[in-house]
Amino acid sequence: FTIRPDGSELRQVTNLAQGLGDPAISPDGQWLVFVSSIETEQRIQRIRVDGSSLSALYASTEETGWPAWSPDGQRVVFASRVGGHTSLFTVNADGSGLTQITSSPSSDVCPAYAPDGSRIVFSSNRSGAWELYIYRVADGAISQLTSLADPIGQGWPAWSPDGQKIAFEGQSGVDGSRE
């Protein structure tokens with residue numbers, strides 16, 4: 001579904017029998033990407049907001065999710081389990097150019113592009129605890145951003161529009177609550 005922020009113009013975009021989740025709207029507002037589950041397959045799919053032009057960008061029998069658009073709308077980043085661990089991938093908006101951008105014996109999830117497209121923030125347990133990391137698009141360098149030793153994980157990172165801050169979910173450590 002799509003809806004205007006004032007609550008008007010509720011519109012059903014898809015009518016698919018399978019489970020759907022993780023929707024993300026393209027920067028130009030013309031496309032949605034989402035995850036669908038069809039029997040034993042999970043797909044990253046793309047559809048126009050008017051409900052036309054449904055196509056699969058990626059399909060796997062393993063856990064797949066968290067799609068996010070690049071700021072220019074040309075690529076989608078997402079996570080998928082491969083070889084026992086979850087890695088990050090990018091794919092062109094038309095489904096071509098699939099590229100695995102992370103690979104470690106850990107789980108890399110919840111990716112989000114920086115507003116300028118130069119970096120991708122993601123959550124990972126590659127240090128033994130869940131932390132946030134930055135992937136630099138230009139050279140593939142990965143650096144650890146947080147050191148909170150959160151046993152549950154920092155998740156759902158989101159960049160501020162100016163790229164100066166990242167909001168995320170994590171455990172406070174004070175009373176164990178999620179903040």
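The following questions and answers walk through a predicted model of one protein chain.

Student: What is the radius of gyration of the protein chain, and what does the globule rule give for 179 residues?
Tutor: The radius is taken over C-alpha atoms, and the globule rule is 2.2 Å times the number of residues to the power 0.38. The two values are close, so the chain, with its 14 strands, is as compact as a globular protein of that length. The rule gives 16 Å, and the radius of gyration of the protein chain is 17 Å.

Student: What percentage of the 179 residues is buried?
Tutor: Buried means under 20% relative accessible area, exposed means over 50%, and partly exposed lies in between, with a 1.4 Å probe and protein chains only. By that cut-off, the buried share of the 179 residues in the protein chain is 42%.

Student: Which strand pairs with strand 10 (residues 119-124) over six bridges?
Tutor: Two strands pair if DSSP finds at least two bridges between them. Within this pairing, V121 has I134 as its bridge partner, and in the hairpin, which has six residues between the strands, G128 takes a positive phi near 105 degrees. The two strands run antiparallel, and the partner of strand 10 is strand 11.

Student: Which residue in strand 12 (residues 142-144) is the bridge partner of Y133?
Tutor: Strand 11 also pairs with strand 12 in the antiparallel sense, over three bridges. Their hairpin has five residues between the strands, and there G140 takes a positive phi near 80 degrees. In strand 12, the bridge partner of Y133 is Q144.

Student: How many of the six residues of strand 11 (residues 131-136) are buried?
Tutor: Strand 11, which is joined to strand 10 by six bridges, is mostly covered. The number of its six residues that are buried is five.

Student: Is C110 buried or exposed?
Tutor: C110 lies in strand 9 (residues 108-113) and has a positive phi of about 55 degrees although it is not a glycine. Its relative accessibility is 8%, and therefore C110 counts as buried.

Student: Is W156 buried or exposed?
Tutor: W156 belongs to strand 13 (residues 155-159), and its phi is near 50 degrees, a positive value in a residue other than glycine. Because its relative accessible area is 52%, W156 is exposed.

Student: What is the C-alpha to C-alpha distance between A17 and I38?
Tutor: A17 is found in the segment before strand 1 and is exposed, with a relative accessible area of 86%. A17 and I38 are 21 residues apart in sequence, and their C-alpha distance in space is 8.4 Å.

Definitions and conventions: Residues numbered from 1 in each chain as written. Predicted model: local features only at pLDDT ≥ 70, side-chain atom pairs only at ≥ 80, totals over all residues. Heavy atoms only, no water. Helix = DSSP H or I, 4+ residues; strand = E, 2+ residues; numbered from the N terminus.
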